[in-house]
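Please look over the sequence and the model shown here before reading on.

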Amino acid sequence: MYFITAIGIIFLDIWTKYMICQKVKEGRKIEIVKKRLFLWHIKNKGAAYNSFEGHIKEIKVVSILGIAYCMFQMITGKNKTGYAFVLGGAIGNFIERVKYGAVTDFLFWDFPCKAKHSLLKKLQKNKPIFNIADIFVLLGALIIVLQTIFQKEN
């Protein structure tokens, strides 16, 4: 069941990236929700926030280790839903990174933030452009953290 969930996420991610590449010219930004949500087709040659650009081999190694860890946790551990989400997202991005040397990102949410802390101000300036795989990695990580917290309380 959980591996089927991961496979579904992989296919959804690949399909959405394919559609963006077919329908939206790279670099183009299309407003979906007024001043808030945009389709913005870019190629990310690094990791999150385009960090580690130029270190594709290292990113691939870390990805393989993360994928292996998620598979191990899905077989032996708890939090299987969270790990299935992370696994699906990680494999979706890994496939594209191996095939093209970059990942297609296309969702940009311009969230309002009146940050006072320096880290939050930096994040506000460098808002991420992401994809479906990224969403599932984030949701999976959140599920894992929340399940871990609540399991310890019980």
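A polar atom in the side chain of Thr16 sits 2.9 Å from the backbone oxygen of Asp13. The model is a predicted one, and that distance is computed from its atoms. Thr16 belongs to helix α1. Is Thr16 buried or exposed? Its relative accessible area is 12%, and the cut-off for buried is under 20%, so Thr16 counts as buried. Apart from neighbours within four places in sequence, Thr16 is in contact with Phe106 and Ile132.

The next element to consider is the sheet. Four strands make up an open sheet, in the order β1-β2-β3-β4, with antiparallel pairing. At its edges are β1 (29-33) and β4 (129-130), each of which pairs on one side only. Helix α1, residues 2-23, packs on this sheet and touches β2 (37-44) and β3. The direction of α1 makes an angle of about 85° with that of β3. Strand β3 covers residues 103-109 and is joined to β4 by two bridges, the two strands running antiparallel. Which residue of β4 is the bridge partner of Phe108? The partner is Ile129.

Helix α2 comes next. It spans residues 56-76, which is 21 residues. From the first C-alpha of α2 to the last is 30 Å, close to the 30 Å expected at 1.5 Å a residue. Which residues of α2 are buried? They are Ile59, Ser63, Ile67, Cys70, Gln73 and Met74. These residues lie on the same side of α2 because they cover an arc of only 130° around the axis. The spacing follows a general rule: an α-helix has 3.6 residues a turn, so residues three or four places apart point the same way. The cover over the buried residues of α2 includes α1 and α3 (80-100). On the face turned away from that buried side, α2 carries the exposed residues Lys57, Leu65 and Ile75.

Met71 is another residue of α2. With a relative accessibility of 36%, Met71 counts as partly exposed, because that value falls between the cut-offs of 20% for buried and 50% for exposed. Leaving aside neighbours within four places in sequence, Met71 is in contact with Phe3 and Leu87. Along the chain, Met71 and Leu87 are 16 residues apart, and their C-alpha atoms are separated by 7.2 Å.

Most residues other than glycine have a negative phi. Lys35, in the loop between β1 and β2, has a phi near 60°, a positive value in a residue other than glycine. Asn79 is placed in the loop between α2 and α3, and its phi is near 55°, again a positive value in a residue other than glycine. Asn79 has a relative accessibility of 11% and counts as buried.

Definitions and conventions: Residues numbered from 1 in each chain as written. Predicted model: local features only at pLDDT ≥ 70, side-chain atom pairs only at ≥ 80, totals over all residues. Heavy atoms only, no water. Pairing = 2+ DSSP bridges. Contact = heavy atoms within 4.5 Å. Axes fitted to C-alpha atoms, helices over the stretch in contact; angles between N-to-C directions. Expected span 1.5 Å × (residues − 1). Buried < 20%, exposed > 50% of the residue type's maximum accessible area, 1.4 Å probe, protein only. Arc of directions from axis to C-beta. Polar contact = N/O pair within 3.5 Å; in protein donor to acceptor, adjacent residues only side chain to side chain.
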